[in-house]
Amino acid sequence: MADPTTDTYIGVIGGSGLYDIEGLEGAEWQNVDTPWGAPSDAILTGTLGGVKMAFLPRHGRGHVHSPTTVPYRANIDALKRLGVTDVISVSACGSFREEMAPGDFVVVDQFIDRTLAREKSFFGQGLVAHVSVAHPTCPRLGEACLTAAKEVGVTVHKGGTYLAMEGPQFSTLAESKMYRESWGADVIGMTNMPEAKLAREAELCYASVAMITDYDSWHPDHGEVDVTQIIATLMGNAAHARDMVALLPGLLGAARAPCPHGCDRALEFALITQPDARDPAMVAKLDAVAGRVLG
Ligand SMILES: CSC[C@H]1O[C@H](OP(=O)(O)O)[C@H](O)[C@@H]1O
Ligand SMILES: Nc1ncnc2[nH]cnc12
């Protein structure tokens, strides 16, 4: 197994339209069991340029999980259990900004969480923890994604606020206008929360690349979003996403230095339940996610 303190292990969570990646040496679909149930699908593992990589289709091959039923905790636990250090989320998103056009990428750095019906933490009764998500994405990893996207030739925007909605229906016009005009959101999707929060709890670096597919419903010159429009734009986006991902091993390198932003130490001061009050069953369940601090 890779040593997460010294070896880079890149995990890619592919969203709508991205169900595999190509070019991995020793590629193998691996089933990974977790205490939180089964992940969305088997995980494609291998190496690229001497760097370990894992790919997980968020909705499963064939797109069987809705945004609400994606097993977010199992997905993050499974990646952590494999030894992944850096998670790149690639997602189809609507845009609230004229200049963030369909086909563009946005390296997201903030989130507004409007999801309602999902398990949002690995912790809870018997072992309580409070991590900071003030800065929910990793700037080091985000920078690598930005560089890779530029090299691929995509128009890429640095920074943006992703509004995570519950779905599966798209937003009403009133919601779309409110998110854009009053809340200052830049892009909208249905899946990056609680994924980003869980990655932080699992001490994983997390970066999110939003692939713009539509203008949601606010734009006077574009009709309201529908799945046909999204799929059409996704075809081109997915090819760019694959090319971007292929450049990441070269940019991150096989040898890993500790995260300068502390993502890999997020639990250092987060556990509040006293050791003698901790539920042993919870401690056992957290073996991968919090093994570093639970011993
Ligand atoms: C296919 S349209 C809506 C669907 O696409 C996005 O998925 P992902 O974030 O996994 O790329 C959006 O969040 C919805 O789940
Ligand atoms: N407009 C939109 N709203 C929510 N999720 C999306 N995924 C792609 N486009 C979207």
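The following conversation goes through some terms used for this predicted model and the values behind them.

Mentor: Before we start, residues are numbered from 1 along each chain as its sequence is written, while chains are lettered from A and ligands numbered from 1 in the order in which they are written. The model is predicted, and local features need pLDDT of at least 70, side-chain atom pairs count only at pLDDT 80 or more, and totals for chains, interfaces and linings use all residues.

Trainee: Why is Trp36 called buried?

Mentor: A residue is buried if 20 or more other C-beta atoms lie within 10 Å of its own, exposed if 12 or fewer, and partly exposed in between, with C-beta atoms placed from the backbone. Trp36 has 20 C-beta neighbours inside 10 Å, and therefore it counts as buried.

Trainee: Where is Trp36 found, and what does it touch?

Mentor: Trp36 is found in the loop between strand 2 (25-30) and strand 3, where strands (E, at least two residues) and helices (H or I, at least four) are DSSP runs numbered from the N terminus. Not counting residues up to four places away in sequence, Trp36 touches Pro71, Arg73, Ala74 and Asp77, and two residues are in contact if their C-beta atoms, placed from the backbone, lie within 7 Å.

Trainee: What makes His63 count as partly exposed, and what is its phi?

Mentor: His63 has 14 C-beta neighbours inside 10 Å, and so it counts as partly exposed. This residue sits in the loop between strand 4 and helix 1, and its phi is near 60°, a positive value in a residue other than glycine. Most residues other than glycine have a negative phi, and most peptide bonds are trans.

Trainee: Which peptide bonds here are cis?

Mentor: Among them are the bond from Gly167 to Pro168, with omega near 5°, and the bond from Met193 to Pro194, again with omega near 5°. Pro168 lies in the loop between strand 9 (161-165) and helix 3 (173-182), whereas Pro194 lies in helix 4.

Trainee: How do you know how helix 1 and helix 4 are packed?

Mentor: Two packed helices are described by the angle between their axes and the distance between the axes. The axes are lines fitted to C-alpha atoms, for helices over the stretch in contact, and angles run from 0 to 180 degrees between N-to-C directions. For helix 1 (residues 72-82) and helix 4 (residues 192-201), the angle is about 40° and the axes are 9 Å apart. Tyr72, Arg73 and Ile76 of helix 1 make the contact with Pro194, Glu195, Leu198 and Ala199 of helix 4.

Trainee: What is the handedness of the crossing of helix 1 and helix 4?

Mentor: A crossing is left-handed if the near helix is turned anticlockwise from the far one by less than a right angle, and right-handed if clockwise. The crossing of helix 1 and helix 4 is right-handed.

Trainee: Where is the kink in helix 5 centred?

Mentor: The kink in helix 5 is centred on Leu234 and amounts to about 35°, where the bend at a residue is the angle between axes fitted to the seven residues ending there and the seven starting there. Leu234 is one of the buried residues of helix 5, which also include Ile230 and Asn237. The buried residues of helix 5 pack against elements including strand 1 (9-14) and helix 2 (139-152).

Trainee: What surrounds ligand 1?

Mentor: There are 13 residues around ligand 1, and the closest are Gly15, Ser16, Ser91, Met190 and Thr191; a residue is near a molecule or strand if its C-beta atom, placed from the backbone, lies within 6 Å of it. Strand 5 (86-95) and helix 5 (227-252) each supply at least two residues of this shell.

Trainee: How do the residues around ligand 1 and ligand 2 divide by class?

Mentor: Ala, Val, Leu, Ile, Met, Phe, Trp, Tyr, Cys and Pro count as nonpolar, Asp, Glu, Lys and Arg as charged, and the others, Gly among them, as polar. The shell around ligand 1 has five nonpolar, seven polar and one charged residues, while the shell around ligand 2 has eight nonpolar, three polar and two charged residues.
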